[in-house]
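Here are my comments on the model you sent. Please read them beside the coordinates.

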Amino acid sequence: MAYLLYYPLVKPPTEVLHQALLYWDGIATVVPRAPSEYEVAVPEELKELRQRQLYVPLTFDEGSMDRLEEPCWPAVPYRSPASRALRNELRRMAARPDRPRLPSPPEAFLYHSKISYWLKNELLSLGLAEPQRHPFVLAVPEDVQRLVIGTLARELAAGSRDPYIPYTDRPQAHAYALEGPAENLRPAWELEFSRLLPVPAPSTPTADVLAFRDRYADERRRLMRALHRLLGELRRDYEHPADVLSQLRREIDQSVEDYHAAARSTRVAWVTRSVTVTIALAAAAGTLVQPGLTWVLGAVGGYALNVGTREVRPLARARDEHDFSYLHRVGSTLT
């Protein structure tokens, strides 16, 4: 499987943390590079999970920041679509009549060690950031934080040698991570898994979640392998999505039933969530996948699988094996 890379915050919501522990190898978040900033930003629960190799703190090092650097002079194009998209959206934000304002006290922050020098100057010159007494941070509106970290998280996941999947519960941050200049967009599927991946109610102790993870390791791995296989086959065989689902439905149905049976056998109150995954396709799919279409692909695990089409910004360093981004929906149903 892979690590779920949560953004835009260092500390994920309890529900997202529990989902990562149940359905993924673990969780990762983007943290400041400086050790003193790390100690302040990362909560003790994540530090304890790191000792068990279930949490990975990621940083933007020089290599990752290079992909989002400003050119040496204006005539040189930006090095990646992400840099250009980030600069253009920040300037569009600043020019709006309802431009994001910095409240008092500030509502969101960016650590200096999470961003590059040109980006820090861009934010300050546009009036979208203010220095703070704390020497490590800039105060920014929430929209600016979501834009910057959403863009950087997707690029960081793509550029890593290890498998990380961008994941957020903030719809606007998810949109910012994928949007870009119209001339560079590529086709994508958007699949909605409705109620397939239940999580314990937020009041459940993490220790209980870890105990379930260990006890039912085979069931949860079979479920996620089946779903990931479906995503991978849909990305490769985008001309025949219904055929892909037909071939894999039995495997998915059985793995869903086994996992849900395991969940029902506990005394835990489970909450169902809808999760949307965006799958970037090959550029050649543009003639086959028209953005804006939505339909029910079929039913898996007793639930409808909705699929839609859209366009997304290409990555600076695309990975051949996947380009997935997840959005965690907030609506809930107790089971």
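1. Basis. This is a predicted model, in which local features need pLDDT of at least 70, side-chain atom pairs count only at pLDDT 80 or more, and totals for chains, interfaces and linings use all residues. Residues are numbered from 1 along each chain as its sequence is written, and side-chain values use heavy atoms, with hydrogens and water left out.

2. Strand β7. Helices (H or I, at least four residues) and strands (E, at least two) are DSSP runs, numbered from the N terminus. In β7 (residues 164-168), five of five residues are buried, meaning under 20% relative accessible area with a 1.4 Å probe, protein chains only. Tyr-164, Pro-166 and Thr-168 point one way, Ile-165 and Tyr-167 the other.

3. Pairing of β7. Strands pair if DSSP finds at least two bridges between them. β7 runs parallel to β1 (residues 3-6), joined by four bridges; Leu-5 has Pro-166 as its bridge partner. β7 also pairs in the parallel sense with β14 (residues 324-328) over two bridges, and there Tyr-167 is partnered by Tyr-326.

4. Thr-14. This residue lies in helix α1 (residues 14-23). Thr-14 counts as partly exposed because its relative accessibility is 31%, between the 20% limit for buried and the 50% limit for exposed. Thr-14 and Thr-204 are 190 residues apart in sequence but 9.1 Å apart in space, C-alpha to C-alpha.

5. Helices α10 and α11. The axes of α10 (residues 217-236) and α11 (residues 241-264), lines fitted to C-alpha atoms over the stretch in contact, come within 8 Å and cross at roughly 170°. The pair is therefore roughly antiparallel (over 145 degrees, on a scale from 0 to 180 between N-to-C directions).

Methods
Angles under 35 degrees count as roughly parallel, over 145 as roughly antiparallel, 65 to 115 as roughly perpendicular and the rest as oblique.
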